[in-house]
Amino acid sequence: MTKVLFVVSAADHWTLNDGTEHPSGYWGEELAMPHKIFSEAGWEITLATPGGKPPTLDRLSMSRTAGLPGKLREVGHYLDSIRAELDSPRPLDEVDPATYDLVFYPGGHGPMEDLAYDEVSGALLTRVLHSGTPLALLCHAPAATLAARNADGSWPFAGYRMTGLSNTEEKLNSFGRKAPWLLEDRLREEGADYVKARLPLLPFVVVDRNLYTGQNPMSSERLAKRLVTDLGER
């Protein structure tokens, strides 16, 4: 059976550049839809967070601006169905990534607050990338790669073709202009070959070697289905 590790942010806010704390966490669709697609494929899923803290759902991800009513209901019902799993994640520092066939990071603004600076997550990402095991990061989740470092201090993702939430998409948020930093900018600065869709808010997935990235919440299902296909072929 294919085993998947979901690494989820434990943050419940994002600190903006004026010092205010914007309520945040994980984005509902980005966790629910891949989890659902992987479960329907018969895969075994383990959730882990920093410290084993239950993750916080970003309530904005369930608002009318986040998607069509039918999709939001589907996401909400699915999250309710895995509530016990969400309430008891494994501590990230107790997880051995070598025992999984795929490591998946859903987004939301939470990773900008904690995973972008988390050394345990950074070491896990470095190890998985170098191992050749499929590694997938969605929307804001590529922020977690900023905590990854090789033994010589270099960034292991340098030169990889990848995507993540674009500057344009971030600024569509009413609070986006208060962002302390923008993901697209930071990935480029670190040395990623960052690419994005021609228009914002369209599904867009990039694959480079064992690294899979999705640009935005709308990319959730496309990314998950691509992983099911590719891992099935493996």
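**Figure 1. Overall size and fold of the predicted model.** For 234 residues, a compact globule would have a radius of gyration near 17 Å; the protein has 16 Å, which agrees. This radius is taken over C-alpha atoms, and the globule rule is 2.2 Å times the number of residues to the power 0.38. Along the principal axes, the C-alpha atoms fill a box of roughly 45 × 40 × 35 Å. The protein has eight helices and 11 strands. Helices (H or I, at least four residues) and strands (E, at least two) are DSSP runs, numbered from the N terminus. Of the 234 residues, 57% count as buried. Buried means under 20% relative accessible area, exposed over 50%, and partly exposed in between (1.4 Å probe, protein chains only). Among contacts with a separation of 6 or more, 76% link residues 24 or more positions apart. Contact means heavy atoms within 4.5 Å. This is a predicted model: local features need pLDDT of at least 70, side-chain atom pairs count only at pLDDT 80 or more, and totals for chains, interfaces and linings use all residues. Residues are numbered from 1 along each chain as its sequence is written, and side-chain values use heavy atoms, with hydrogens and water left out.

**Figure 2. Helix α1 against helix α8.** Two packed helices are described by the angle between their axes and the distance between the axes. Helix α1 covers residues 28-40 and helix α8 residues 220-233; their axes come within 9 Å and cross at roughly 30°. Axes are lines fitted to C-alpha atoms, for helices over the stretch in contact, and angles run from 0 to 180 degrees between N-to-C directions. α1 and α8 are therefore roughly parallel to each other. Angles under 35 degrees count as roughly parallel, over 145 as roughly antiparallel, 65 to 115 as roughly perpendicular and the rest as oblique. α1 contributes Glu29, Glu30, Met33, Pro34, Ile37 and Phe38, while α8 contributes Ser220, Glu221, Ala224, Lys225, Leu227 and Val228. By class, these residues are seven nonpolar, one polar and four charged. Ala, Val, Leu, Ile, Met, Phe, Trp, Tyr, Cys and Pro count as nonpolar, Asp, Glu, Lys and Arg as charged, and the others, Gly among them, as polar.

**Figure 3. Helix α1 against helix α2.** The axes of α1 and α2 lie 9 Å apart, at an angle of about 70°. That makes α1 roughly perpendicular to α2. On the α1 side, the contact includes Leu31, Ala32, His35 and Lys36; on the α2 side, it includes Lys71, Val75 and Leu79. Six nonpolar, three polar and four charged residues make up this contact.

**Figure 4. Leu79 of helix α2.** Leu79 sits in α2 (residues 69-81). Its relative accessible area is 1%, so Leu79 is buried. Beyond residues up to four places away in sequence, Leu79 touches Tyr26, Gly28, Leu31, Ala32, Leu57 and Leu86. Lys36 is 43 residues apart from Leu79 along the chain, yet their C-alpha atoms are separated by 9.4 Å.

Figure 5. Thr145 is buried, at 0% relative accessibility. Leaving aside neighbours within four places in sequence, its contacts are Leu125, Leu137, Trp155, Phe157, Met162 and Leu187. Cys139 also has its place in the loop between β7 and β8. Cys139 is buried, at 2% relative accessible area. Most residues other than glycine have a negative phi. Cys139, not a glycine, has a positive phi of about 60°.

**Figure 6. Leu201 in the loop between β9 and β10.** This loop joins β9 (193-194) and β10 (205-208) and holds Leu201. Leu201 has a positive phi of about 65° although it is not a glycine. Leu201 is partly exposed, with a relative accessible area of 45%.
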